[in-house]
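Welcome! Please take a look at the sequence and the 3D view, and then we can walk through them together.

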Amino acid sequence: MLEAGRRAGGTVLSETTADEIPTGQGPTPRPSAAPRPAPSAPQVPGRRATITRWLGVAAMLYLLICAIGVIGDGFNGLGAGTAENLFDFATNPIIGLFVGILVTAIIQSSSTTTTLVVTAVGTGMMPVSVAVPMIMGANIGTSVTNTLASLGHVGNKAEFRRAFAASTVHDFFNLTAVAILLPLELLFHPLERLSGMLAGFAYGTVLPDPDNADIIGTVSSPVVDALGMQGALGVLGGGTVSAVATIVLGVALIFLAVRYMGKLLQVLMVGKAKAVLERTVGGNPIVAMGAGAGVTAVIQSSSVTTSMLVPFAGSGALTTKQIYPLTLGANVGTTITALLAAFAITGGDAQLALQAAFVHVLFNVIGILIIYGLPFLRWVPVRCAEILAAVASEHKSIAAAWVITVFLAIPALGVFIYTLL
């Protein structure tokens, strides 16, 4: 029986061998086997929880639409002159870039930043030319999340080097894209012009003009009227005080809606999303980009998509080169939130809001075409990330300095100096 146990590849001590070993005390009683659980019936509470979460997603999407209306109500209450002064500090494109980086790094959500920018453009308080560098900055700021996620591997030198390289490739791609496209935008305005063409084509053809069929405005107006200048916040006396309070409330509601919609979608989709990403890694890079974009569009967070890949890199299951195209796809997928926000804006400047949302899409798509499409640029972000990771794995303080300097200190110092001038 021992030989049979070995041939079977199982453990030698089994029920049969225990019976056959003489002990002098009679047969050893068999341990009572734990009863096997009956096949589980379909979990109705699980289904109910799933349905509840999807209803929560719908509720958060509605809240996002209402929040945009609340902010617009607040801007209208300020008056054109006062509202435009809020964005005077961002008329310098470098400062606009810094503001985008800083705000996004602090709130950990490029979706919230770009939604606010799109809303400001849609209410006529920010020109598209000012929105462009702020959207670029949001793209840089959002990459801090997966960089922070890599710090979880700091206890193991080899793991940390792999994880930090895989996470900072996102940083270096976005920094390279801004270094190329911001000067081009300042000189020739390609993003502003192309986004204007796309927005002009979309309205009246692909998308209805919201002035002709304001369904979203009709649906959201009860909440906007209840919370805004004509409702609860009108008790503050009206004028500037009520208007500013309305804007602050709208910003808080956008942050709440984006954050909790992301959390709900993560619970619903991350398991499936992870399986999709695992299947596409190592295949055609275009397919990998498509998978990264699709997963991010569904779960509404590029930070989640890129951060879930960090542990795979730390363990050595994935390389930085394999993660790279998925990261690029995630950059494109995250633009869906700003597009949804643009569709919720009505009025004379609604087309400009859609134009600002298209700026976000074009920035990421053109960045991929230039950097990944040109062989001499394709692997620059990967090489830079691997070099930085090699240094940071030897000197952990370098990793902390990278995060603090790039995402907080430089943009904050730039804005501070500009306000003093």
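Is isoleucine 417 buried, partly exposed or exposed? At 42% relative accessibility, isoleucine 417 counts as partly exposed, where buried means under 20% relative accessible area, exposed over 50%, and partly exposed in between (1.4 Å probe, protein chains only).

## About the model

This is a predicted model, in which local features need pLDDT of at least 70 and side-chain atom pairs count only at pLDDT 80 or more, while totals for chains, interfaces and linings use all residues. Residues are numbered from 1 along each chain as its sequence is written, and side-chain values use heavy atoms, leaving out hydrogens and water.

## The whole chain

The protein chain has 21 helices and zero strands. Both are DSSP runs numbered from the N terminus: helices are H or I with at least four residues, strands E with at least two. Of the 421 residues in the protein chain, 46% are buried.

Contact means heavy atoms within 4.5 Å. Among the contacts in the protein chain with a separation of 6 or more, 79% come from residues 24 or more positions apart. The protein chain exposes about 19,800 Å², with carbon and sulfur atoms supplying 67% of it; such areas come from the Shrake-Rupley method with a 1.4 Å probe, and for residues only the protein chains shown count as cover.

## An enclosed helix

Let us return to isoleucine 417, which sits in helix 21 (residues 396-420).

## One salt bridge

The structure holds one salt bridge, meaning a side-chain nitrogen of Lys or Arg within 4 Å of a carboxyl oxygen of Asp or Glu. The side chains of lysine 157 and glutamate 394 meet in it, at 2.6 Å from N to O. Lysine 157 lies in helix 9 (residues 157-188) and glutamate 394 in helix 20 (residues 380-394), so the pair ties together parts that are 237 residues apart in sequence.
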